Amino acid sequence: MTQTDVEEEDDEAIGQETVDRIAEFIEARDAENLTQSIKELSHSETAFVVSRLEEEDRSQLMVLLSPEESAILLEEVIAPQAAELIHGLEPEAAASIFGHLTTSEQVDLLYDLEDDEATAILNAMEPESAQ
């Protein structure tokens, strides 16, 4: 086994440990430790963790984080992941998160959502935020 193989295994193990820890916080509905753990991750680690969470955990993740923290998370992941995280949220919850995104980020994310989902979010937003 080469040094590179060992380093890749270490990265994978550390990554899976992080995924497991985040999943435990989600299952326990521990918003405080969840938020702190997400804040400690780099952009690439955040994307890795989100991609490895079960679908139910990804949905619950957005519910447990504050709208502001959810918006930060959406900014850190790639567009398809961000759309997947928003998918399934109540329009009012999604609109609250959208209120913490820049107009450009809102447009990009709305573009990646189904038309009916995007419309429901826009309808739930405050008029000045939905322009």
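The following exercises, with worked solutions, concern the predicted model shown above.

Residues are numbered from 1 along each chain as its sequence is written, and side-chain values use heavy atoms, with hydrogens and water left out. In this predicted model, local features need pLDDT of at least 70 and side-chain atom pairs count only at pLDDT 80 or more, whereas totals for chains, interfaces and linings use all residues.

**Exercise 1.** Identify the buried residues of helix 5 and the helices against which they pack.

*Solution.* Helices are DSSP runs (H or I, at least four residues), numbered from the N terminus. Helix 5 covers residues 67–76. Buried means under 20% relative accessible area (1.4 Å probe, protein chains only). The buried residues of helix 5 are Glu69, Ser70, Ala71, Leu73, Leu74 and Glu76. Their partners in packing (contact: heavy atoms within 4.5 Å) are helix 2 (31–39), helix 3 (43–52), helix 4 (55–64), helix 6 (79–86), helix 7 (91–98) and helix 8 (103–112).

**Exercise 2.** Describe the surroundings of glutamate 76.

*Solution.* First, locate the residue: glutamate 76 lies in helix 5. Next, consider charge: Asp and Glu count as negative, Lys and Arg as positive, while His and the chain ends are not counted. Glutamate 76 is buried but forms no salt bridge (a side-chain nitrogen of Lys or Arg within 4 Å of a carboxyl oxygen of Asp or Glu). Lysine 39, the nearest side chain of opposite charge, is 10 Å away. Finally, not counting residues up to four places away in sequence, glutamate 76 touches His43 and Thr46.

**Exercise 3.** State the mean pLDDT of the protein.

*Solution.* pLDDT is the predictor's confidence in each residue, from 0 to 100. Its mean is 87, and 86% of the residues reach 70 or more.

Key: Buried means under 20% relative accessible area, exposed over 50%, partly exposed in between (1.4 Å probe, protein chains only). Helices (H or I, at least four residues) and strands (E, at least two) are DSSP runs, numbered from the N terminus.
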